[in-house]
Number of protein chains: 2
Amino acid sequence: MNLAVVGLGLIGGSLALRLADAGHRVRGWDTDRGTRTAAGSTGIDVAPDLGDAVAAADVVVLAVPLAALSGAIADVAGLAPADAVLTDAGSVKGPAYAAARRAGLEGRFVGGHPMAGKEFAGFAAAEPTLFDGAAWVLVLEPDTVLAPWLRLAGLFTDIGARVVPSTAAEHDAAVARISHLPHFLAAALAAVGSSGGPLALSLAAGSFRDGTRVAGTPPELSVAMYRDNAAAVDAAVAETRHLLTGDPAELLRKGHAVRSAWPASIADRSPLNPSDPGLREQLLAVGREGGWLWRVADDRLSVQGPA
Amino acid sequence: MNLAVVGLGLIGGSLALRLADAGHRVRGWDTDRGTRTAAGSTGIDVAPDLGDAVAAADVVVLAVPLAALSGAIADVAGLAPADAVLTDAGSVKGPAYAAARRAGLEGRFVGGHPMAGKEFAGFAAAEPTLFDGAAWVLVLEPDTVLAPWLRLAGLFTDIGARVVPSTAAEHDAAVARISHLPHFLAAALAAVGSSGGPLALSLAAGSFRDGTRVAGTPPELSVAMYRDNAAAVDAAVAETRHLLTGDPAELLRKGHAVRSAWPASIADRSPLNPSDPGLREQLLAVGREGGWLWRVADDRLSVQGPA
């Protein structure tokens, strides 16, 4: 396939490296000159401009910061071939869909979100193994055309990701709980520790280190993530505050029960037939039950999920 | 030195292994037969009973669960030699001092707290390297006799720990923020994630894994820790709730600023003279400034702290 990766930071850089390893023709682009130079020096085929990067693409992956995503969607809509499939890698899906619809991309845009990250951003942190075994959400909306969705599902399962079907709204509510909330708890823990002065910070050890790790994320990224998903994150934060006013022993026991059962044991599930007329709902049911596609063939979608 | 280690779980087991490596004569004891057998099979000299374990000890280290600590202090007070120094390894220091005073151990009991742990308990998780570079709080109360305090400081710096002087109250307030609060945030994150159902738990990745790690701690341990330090933990939790009602972007920026500066760079500080009449206050000042002793000699206490 001819693939264009727009944005060569942690996610885009890792993806360009991995897709090229898998034998695809990959062209990359980034608005930052230093990033283009760094990516080019590792063998990524960096285009001279955005139009050139996407001109011959079968699939365009937008891996730009959330704050730049709506603009990038509009730009690429005017530059990519009319039959190219567009996807993104942003951590909030509602606003991406709104931008895609404004750009007239209904049916050609399939929102994506690889659940892989680090507290470090930029191409320097990129590595082709970033997505091994990671969940990669691909959004199914009522107007999503299944053929491009399945093409992307095949592309990402082929590089070792678990493709999780979800609606944009269900995705945004889920990641508010397990991916965006941790940034707030990490920040609060860091702040409360700091209020304890130098003694507290010198005693801080493993539980503080792990509990504050994602506070190392550049705040321009975490703030943009919050702004794009504010309602769902506010709800998750409010639920947290409520739990912190309840019985302490009960909360500690509940947390232990959940953590001890996570991650769930995995079992094979019945495969899906890609030509089944009920496929869309079947795929969404797989995601809601905690499952994913791990292989995509013309006649068979292989499924796994919690045992 | 003749050392007795009472309680051979994660902390006591690791300490017994490390102190024996350092050339001390170490006798161990645990109320659990299986733990005694496991410890004995790794070469730890396990005594036939508690009295035998402590009968010839210069130093007794109580590394029992918090819920058993007061009872163990009372038991050992009646069994150890009259000139033996007693210390403990519990994560809350106020109740340990109350128990030591009830047992008539003023001046012979020096509360301790190694800031090293894991989410797994028990001798099976013990390893002699657990304390390398770890902070080890040794409590200085107004009635602490300095000679046994310095003897313990030498013992623990010799095995690679950083000895942090602190009062019991200042220690308990500090660890509520950086060690006990993380258990509540981990439990809350696990619970909020679980409320998102199977989809949320299947998308959970690195930020959830790290943010919930300490929720793997056996709840009987974390609940006991809370009960012994409830007032300070409640205050830290209330401060957290307050931060979570404030401006989200400000909180994310504050958290990033704290985490980026932690851990602090280290510099050598002026050494202390162990015979200085102001030593007690000088030691407490070192701890309050985020510093520690890293070597204890007869004529010189070597100090490091934040640069």
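Modeller: A salt bridge is taken here as a side-chain nitrogen of Lys or Arg within 4 Å of a carboxyl oxygen of Asp or Glu. With that criterion, two salt bridges are counted between chain B and chain A. The model is a predicted one, and all that follows is computed from it. For the salt bridge between B:Asp210 and A:Arg213, the closest N and O atoms are 2.4 Å apart. Polar contacts between chain B and chain A amount to 22 residue pairs, both partners being at pLDDT 80 or more. On the side of chain B that touches chain A, helix α7 (residues 168–195) of chain B gives the most, with 21 residues.

As to extent, the contact involves 77 residues from chain A and 77 residues from chain B. Together the two chains bury about 6800 Å², and 74% of that area is on carbon and sulfur atoms. Within chain B, the residues that lose the most area to chain A are B:Leu203, B:Leu252 and B:Trp262, which together account for 11% of what that side buries.

B:Pro263 is located in the loop between α12 (248–260) and β10 (266–272) of chain B. In chain A, a cis peptide bond joins A:Trp262 and A:Pro263, with omega about -10 degrees. A:Pro263 lies in the loop between α12 (248–260) and β10 (266–272) of chain A.

I turn next to the aromatic side chains. A pair of aromatic rings is described by the distance of the centres and the angle of the planes. Over all chains, ten aromatic pairs are counted. One of them, A:Trp136 with A:Phe156, is stacked, at 3.9 Å centre to centre and 15 degrees between the planes. This pair links distant parts of chain A, for A:Trp136 belongs to strand β8 (residues 135–139) and A:Phe156 to helix α6 (residues 146–158), 20 residues apart. A:Trp136 and A:Phe156 are both buried. Ring pairs join A:Phe131, A:Trp136 and A:Phe156 into a cluster.

In chain B, B:Trp136 and B:Phe156 form a stacked pair, with 3.9 Å between the centres and 15 degrees between the planes. B:Trp136 lies in strand β8 (residues 135–139) of chain B and B:Phe156 in helix α6 (residues 146–158) of chain B, so the pair ties together parts 20 residues apart in sequence. B:Trp136 is buried at a relative accessible area of 1%, and B:Phe156 is buried at 0%.

Strand β8 of chain B also holds B:Leu138, which is buried with a relative accessible area of 0%. Its contacts, not counting residues up to four places away in sequence, include B:Trp149, B:Leu152, B:Ala153 and B:Phe156, as well as B:Val163, B:Val164 and B:Pro165. B:Gly112 is another residue that B:Leu138 touches; the C-alpha atoms of B:Leu138 and B:Gly112 are separated by 4.5 Å, although these residues are 26 residues apart along the chain.

Finally, each chain has an arginine to be noted over a tryptophan ring. A:Arg162 lies over the face of A:Trp292, at 4.5 Å from the ring centre. The charged end of B:Arg162 is positioned over the ring of B:Trp292, 4.4 Å from its centre.

Key. Residues are numbered from 1 along each chain as its sequence is written. Chains are lettered from A and ligands numbered from 1 in the order in which they are written. This is a predicted model: local features need pLDDT of at least 70, side-chain atom pairs count only at pLDDT 80 or more; totals for chains, interfaces and linings use all residues. Side-chain values use heavy atoms; hydrogens and water are left out. Rings of Phe, Tyr and Trp (its six-membered ring) pair if their centres lie within 6.5 Å; planes under 30 degrees apart count as stacked, over 60 as edge-to-face and the rest as tilted. Helices (H or I, at least four residues) and strands (E, at least two) are DSSP runs, numbered from the N terminus. Buried means under 20% relative accessible area, exposed over 50%, partly exposed in between (1.4 Å probe, protein chains only). A charge sits over a ring if NZ of Lys or CZ of Arg is within 6 Å of the ring centre and within 35 degrees of the ring normal. Contact means heavy atoms within 4.5 Å. Buried area is the accessible area (1.4 Å probe) that two parts lose on being put together, summed over both. A polar contact is a pair of N or O atoms within 3.5 Å; within protein, one must be able to donate a hydrogen and the other to accept it, and residues adjacent in sequence count only if both atoms are side-chain atoms.
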